[in-house]
2 protein chains.
Amino acid sequence: MTVEVQQDRLTEYISSIRPTYEAKLKELVDLPSVSMDPEHNKDIRRTAELAAALLKSLGATSEIIETKGQPVVIGEFKVGPDYPTVLVYNHLDVQPADINEWKSPPFEMKLEGDKYLGRGTTDDKGPALSVLYAAKYAFDQKIPVNIKFVWELEEEIGSPSFYDFLKANKDKLKTDSVVVSDTIWISKDQPAVSFGLRGLQPFLVQLTTGAKDVHSGETGGLARNPITEMASFIAECVDGKTGKVKIPGFYDKVREVDIDELEGYVKSGFDIEHFRTARDLHSLRTKDVRDAVNRVWTQPTFEVHGITGGYNGPGVKTIVPHKAEAKISMRLVPDQEPEEIIKLFTAFVKEKLPDAVVEAKSGLKPYLGPREGKFPDAARKAFQLAFNKEAVFVREGGSIGAVVTMQELLGAPIMFLGLSLPEHGYHAINENFDWGQASSGIKLFVHYFKLLSDIH
Amino acid sequence: MTVEVQQDRLTEYISSIRPTYEAKLKELVDLPSVSMDPEHNKDIRRTAELAAALLKSLGATSEIIETKGQPVVIGEFKVGPDYPTVLVYNHLDVQPADINEWKSPPFEMKLEGDKYLGRGTTDDKGPALSVLYAAKYAFDQKIPVNIKFVWELEEEIGSPSFYDFLKANKDKLKTDSVVVSDTIWISKDQPAVSFGLRGLQPFLVQLTTGAKDVHSGETGGLARNPITEMASFIAECVDGKTGKVKIPGFYDKVREVDIDELEGYVKSGFDIEHFRTARDLHSLRTKDVRDAVNRVWTQPTFEVHGITGGYNGPGVKTIVPHKAEAKISMRLVPDQEPEEIIKLFTAFVKEKLPDAVVEAKSGLKPYLGPREGKFPDAARKAFQLAFNKEAVFVREGGSIGAVVTMQELLGAPIMFLGLSLPEHGYHAINENFDWGQASSGIKLFVHYFKLLSDIH
């Protein structure tokens, strides 16, 4: 069974589907499925029901799977057991949005020409619908690939129920490969396929030297100061200026990045000045692009997010504080393992600050997928066919818990085919998406599904 | 004119005055003269009026002097221009008190046998009245010494108006010596005369690296982290564990303590374990008494009181903060000058954290008075006569702004004849004073005034 993608027919389909795409996107965006806020539990539930109904209306199976947290919607366009299967991952929950900061209400999608304005348009409801309508077309055109869907509703809170969900539904979700559409291009003109994510290991370090703050005149010099001890400790962990981690052994497991990969990053169009201004940062740790891409994509970090304890009001209150807590996390890269980092850091605290208490929060493993081979080649070809541009293969500095879980439990290669642009405002005010990316996105996925059907 | 102190008559006077002393102390304590809280401005005013009336009723002159802040009450028992003059300093404002924490209402003085319970009983209303009734006796007995009073009402907020007040009233307050009764003995059995105070120089150091917090996954490694930079900077300023200041030149002006003085401290009865437990501290920087007394009395410090910026809520929020502010102060010892320390530290910040902003708050000079000579000898003798105990000469770790001002503007030796005991609870809940200290205090001051009349 070989079915070619007929360009004219696909173009016609995409045009004809536009009003439906926009109406369904509006229905989804108008539901404030904010997973961070329990007040929106009902909206999350309605979103799940709407999504399940949509799958069914297009000819797919669908099911709402309950978890200990929010439900997960799954579905499938079934062709048959003899054909390859791809599992599509998107999420339909969104970040919070403050209506006062937006130029139009975030949960009433506004159509401005080709532009869709509203929370969730680009992250990740718009891309989810592009994949869905591509799958519907592929199914109708009898492209021989089974397309499964996993629509999560807890991605924005770190996927707390995803592992248990996937473990319980592993057989149902068996697949030859996974595609995730939830990443951002390097720039408007530069499609990017992420194939690596950093891991994360957070810690709380608390040092208590007394039961209450004391007077720095009466006691200063003799009383221990937990904040200066914590500062000295942090300075032993990391060089504040360069960010170089000083904990012995910390870099031991960091896999070397080959010259090829690195050259790819340097040529990826990563713009250091755009990176800086887009985030309102005054200066960065480097002005060298090679150094910069390494810093955010291939190197681990040691960050202090805050230090509590002592006096935090206006002016200077001359007390010696009785406790200090540092909120710390490290981004990890292959082959650093959260468990090993916990051991290493806990021992380091024990050595340097013997009476401090370390609490390790739950960590995320780093992820590295293939950038060469059949699936990456299919992704490259699909981008070329849909956007007439070559996609660069890059990494992401952040962590997506669900990805590592899928890698572990499904054992299938994962490809990141994202449609979002930096100017779409991920997690920001006035988030938006556009028909240009949505429509070419449909094309991208139709081609990708076709190419997958050939990898049998 | 030579008048001897007749022990019997003095003892009789002290007994007879007790009901008056207690009634007046209650009147004063029942007025919540909390200088930190503008809501108590009326109580401060009433306290000034009560104090001025009391001076007048005992035969002294009295006057309420207005300042840009709270008023100062001054008065005098005048003997004549040919006789020596002593100026007595006390303060009649008090620390705040939370009624829920106290065993009886803090602003309704309670008499429990020989004990007076209430805010201000020991700091500093009780001692102020002991000096007053001693002065009244000395005056009635025609002891040839002019006794001037300065009762401040802003001591607990750092004497912000005292310099201007004293400058404007310098001639009126001309004196041969000053006595301050606002310090604490080493222990119940060990009277102490403080002859040194540390100075203070507070700073705010602020480092801003962006306009808002950013995501530590997306930006971590490339974005600067102002908290880790601040921690590294603090670690360059001070060894967190030992407290040793590492800023080059910081100790240059520290005057060496002679072996005699140090031996005096070691023998002063300073109890390191009592120091620790009284303040609910888990451990101290040393277990050696010699080291301990040096640390609180003769050595300067570098403290961080708090670090703001970043995330301070529960758990770990993985942001890279965009600013950090360290609240810092240094206690100074002779001959360190606040102005020089400002220059030194500002230059150090400039060198180590070039884009940080340093703000120096108003500083206090360290103070060192005489511990040998006519006035210290008189103090020793008076303690011996009143308490039958030898007073030790020690320093104080804290700073009293008014003392440095008096030293500068009055140019007269200052002696600290305190009556408070550690168990009286300076600044603490259930503050108290007792008739034992109050009555022997009256004796102390009568003897001291008599001894001063001989130093002509």
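This is a predicted model: local features need pLDDT of at least 70, side-chain atom pairs count only at pLDDT 80 or more; totals for chains, interfaces and linings use all residues.

Trainee: OK, so how do helix 3 and helix 13 of chain B cross?

Mentor: The axes of helix 3 of chain B and helix 13 (residues 435–454) of chain B come within 8 Å, and they cross at roughly 45 degrees. The two helices are therefore oblique to each other, and their crossing is right-handed.

Trainee: Which residues make that contact?

Mentor: From helix 3 of chain B the contributors include Gly126(B), Pro127(B), Ser130(B) and Tyr133(B), while helix 13 of chain B brings, among others, Ala438(B), Gly441(B), Phe445(B) and Phe449(B). Sorted by class, this helix–helix contact has 12 nonpolar, three polar and one charged residues.

Trainee: Switching to the sheet in chain B, what is the strand order?

Mentor: Three strands form an open sheet in the order 4-5-18, with antiparallel pairing. Strand 4 (110–112) and strand 18 (432–434) of chain B each have a single partner strand and stand at the edges, so one side of each is left without a neighbour in the sheet. From one strand to the next, the twist averages 25 degrees.

Trainee: How many bridges join strand 5 to strand 18 there?

Mentor: Three bridges join strand 5 (residues 115–117) of chain B to strand 18 of chain B; for instance, Lys115(B) has Asp434(B) as its bridge partner in strand 18. Helix 3 (residues 121–140) of chain B packs on this sheet, touching strand 5 and strand 18, and its direction makes about 35 degrees with that of strand 18.

Trainee: And chain A, what domains does it get?

Mentor: The domain assignment gives domain 1 (7–197 + 366–454) and domain 2 (199–254 + 299–360), and the centres of these two domains of chain A, taken over C-alpha atoms, are separated by 39 Å. Their contact takes four residues from domain 1 of chain A and seven residues from domain 2 of chain A.

Trainee: Last one: how many residues from each chain are in the contact between chain B and chain A?

Mentor: That contact takes 69 residues from chain B and 68 residues from chain A. On the side of chain B that touches chain A, the largest share, eight residues, comes from helix 6 of chain B, and by class that side has 24 nonpolar, 29 polar and 16 charged residues.

Definitions and conventions:
Residues are numbered from 1 along each chain as its sequence is written. Chains are lettered from A and ligands numbered from 1 in the order in which they are written. Two strands pair if DSSP finds at least two bridges between them. Helices (H or I, at least four residues) and strands (E, at least two) are DSSP runs, numbered from the N terminus. Axes are lines fitted to C-alpha atoms, for helices over the stretch in contact, and angles run from 0 to 180 degrees between N-to-C directions. Two residues are in contact if their C-beta atoms, placed from the backbone, lie within 7 Å. Angles under 35 degrees count as roughly parallel, over 145 as roughly antiparallel, 65 to 115 as roughly perpendicular and the rest as oblique. A crossing is left-handed if the near helix is turned anticlockwise from the far one by less than a right angle, and right-handed if clockwise. Ala, Val, Leu, Ile, Met, Phe, Trp, Tyr, Cys and Pro count as nonpolar, Asp, Glu, Lys and Arg as charged, and the others, Gly among them, as polar. Domain bounds come from an automatic or database domain assignment.
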